Amino acid sequence: MPPTRCGYVALIGAPNTGKSTLLNRLVGHKLAIVTPKAQTTRKRLLGIVIEGPTQIIFVDTPGIFAPRRRLDRAMVADAWSGAEDADETLLLVDAARGVEDEDTRRILDRLAERGRKSILALNKIDLVPRERLLGLADTLWREGSFDPIFMISGLKGKGVEDVKQHLADRLPEGPWLFPEDQLSDAPERLIAAEVTREQVFLQLHDELPYASTVETEQWEDRPDGSVRIEQVIYVQRPGQRAIVLGEGGKRIKTIGARSRIELEHLLARRVHLFLFVKVRQNWVEDRERFDALGLDYNA
Ligand SMILES: Nc1nc2c(ncn2[C@@H]2O[C@H](COP(=O)(O)OP(=O)(O)OP(=O)(O)O)[C@@H](O)[C@H]2O)c(=O)[nH]1
Ligand SMILES: [Mg+2]
């Protein structure tokens with residue numbers, strides 16, 4: 001028997017580069033929420049994979065960008081501390097967007113300062129012609145911060161096995177840190193809140209998703225095997241509450257119905273979901289909300 005190996009691998013990158021999509025693909029389960037909007041992920045999430053003798057603990061992180069508000073700062077700090085605590089850092093670059101954007105530039109500069117090589121995955125290769133990919137890979141190679149460079153599509157699953165195999169061979173020898181069948185560190189009630197937040201992101205436009213947060217307040221396992229879940233969607237203003245509810249409560253009904261379907265799939269049992277929308281004028285400055293998210297209020 002070969003010795004066991006184990007280690008943490010942080011997935012970092014600018015917002016919307018496909019980190020959460022890749023995490024789900026690597027684990028083979030939908031753990032992290034994914035939306036077309038930037039700044040979907042707010043807090044680190046583990047996805048645990050076994051590859052031969054190696055337990056790979058992937059860390060999905062919030063996108064890194066120039067933070068302005070308190071919540072942004074906490075998210076970005078959470079992402080960098082994920083990278084600092086990990087054995088390996090895997091930077092995702094969106095091949096369709098390239099490296100010209102400010103967010104990626106800032107990350108490249110900070111990684112260059114570390115003096116330790118990271119792994120690079122040029123992602124979304126399904127969207128970009130091959131010549132452009134080779135040009136981009138060449139530019140990134142010259143940064144001198146990356147070895148190796150992979151070309152992948154997290155969405156289509158292309159190149160993802162190669163990344164996994166590379167990490168499985170490279171992580172340090174040591175005992176596995178989690179039980180064999182554990183997929184994540186996130187408690188069910190937190191993942192359940194995320195599932196509803198994903199629907200809030202998908203069903204609402206403009207600034208509203210960013211102005212809201214979701215918390216699971218009640219979780220009751222019923223004798224008949226079903227579960228009763230109560231969640232609160234916090235928004236900042238009464239006008240936003242009206243938008244989340246929609247005309248005649250139509251929109252909240254859609255959010256609830258879709259979230260419930262996802263939850264039943266995820267939990268493999270019947271779900272009774274009750275959603276409430278509350279106005280908390282300054283929840284983005286509210287320490288309690290940060291604690292519920294597991295973020296550092298003073299980052
Ligand atoms: N075409 C294509 N789209 C992708 C790929 N990977 C992710 N996407 C899409 O990119 C968008 C963002 O994906 P996410 O996985 O949420 O990105 P993220 O990096 O986790 O974003 P944040 O959490 O906001 O930082 C979604 O619409 C995904 O479907 C890919 O390989 N190819
Ligand atoms: Mg994400």
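Of the 299 residues of the chain, 51% count as buried, where buried means under 20% relative accessible area, exposed over 50% and partly exposed in between (1.4 Å probe, protein chains only). The model is predicted: local features need pLDDT of at least 70 and side-chain atom pairs count only at pLDDT 80 or more, while totals for chains, interfaces and linings use all residues. Residues are numbered from 1 along each chain as its sequence is written, chains are lettered from A and ligands numbered from 1 in the order in which they are written, and side-chain values use heavy atoms, with hydrogens and water left out.

**Exercise 1. Determine how the radius of gyration of the chain relates to that of a compact globule.**

Step 1. The radius of gyration is taken over C-alpha atoms, and the globule rule is 2.2 Å times the number of residues to the power 0.38.

Step 2. For 299 residues the rule gives a value near 19 Å; the chain has 20 Å, which agrees.

Step 3. The C-alpha atoms fill a box of roughly 55 × 45 × 40 Å along the principal axes.

Step 4. Contact means heavy atoms within 4.5 Å. Among contacts between residues at least 6 apart in sequence, 71% join residues at least 24 apart.

**Exercise 2. Identify the protein donors of the magnesium ion (ligand 2) and locate them in the chain.**

Step 1. Donors are N, O and S atoms within 2.8 Å of the metal (3.2 Å for Na, K and Ca); water is not among the atoms, so sites may look incomplete.

Step 2. Helices (H or I, at least four residues) and strands (E, at least two) are DSSP runs, numbered from the N terminus.

Step 3. Ser20 counts as buried because its relative accessibility is 8%; Thr41, at 11%, also counts as buried.

**Exercise 3. Explain why helix 1 is described as largely enclosed.**

Step 1. Eight of the nine residues of helix 1 are buried, so the rest of the structure largely encloses it.

Step 2. Among these buried residues are Lys19, Ser20 and Thr21.

Step 3. The buried residues of helix 1 pack against strand 1 (5–13), strand 2, strand 3 (54–60), strand 4 (88–94) and helix 5.

Step 4. Gly28, which follows helix 1, has a positive phi near 80 degrees.

**Exercise 4. Describe the phi values of Gln39 and Asp206.**

Step 1. Gln39, in the loop between helix 1 and strand 2, has a positive phi near 60 degrees.

Step 2. Asp206 has a positive phi of about 60 degrees although it is not a glycine.

Step 3. Asp206 lies in the loop between helix 6 and strand 7 (213–221) and counts as exposed at 62% relative accessibility.
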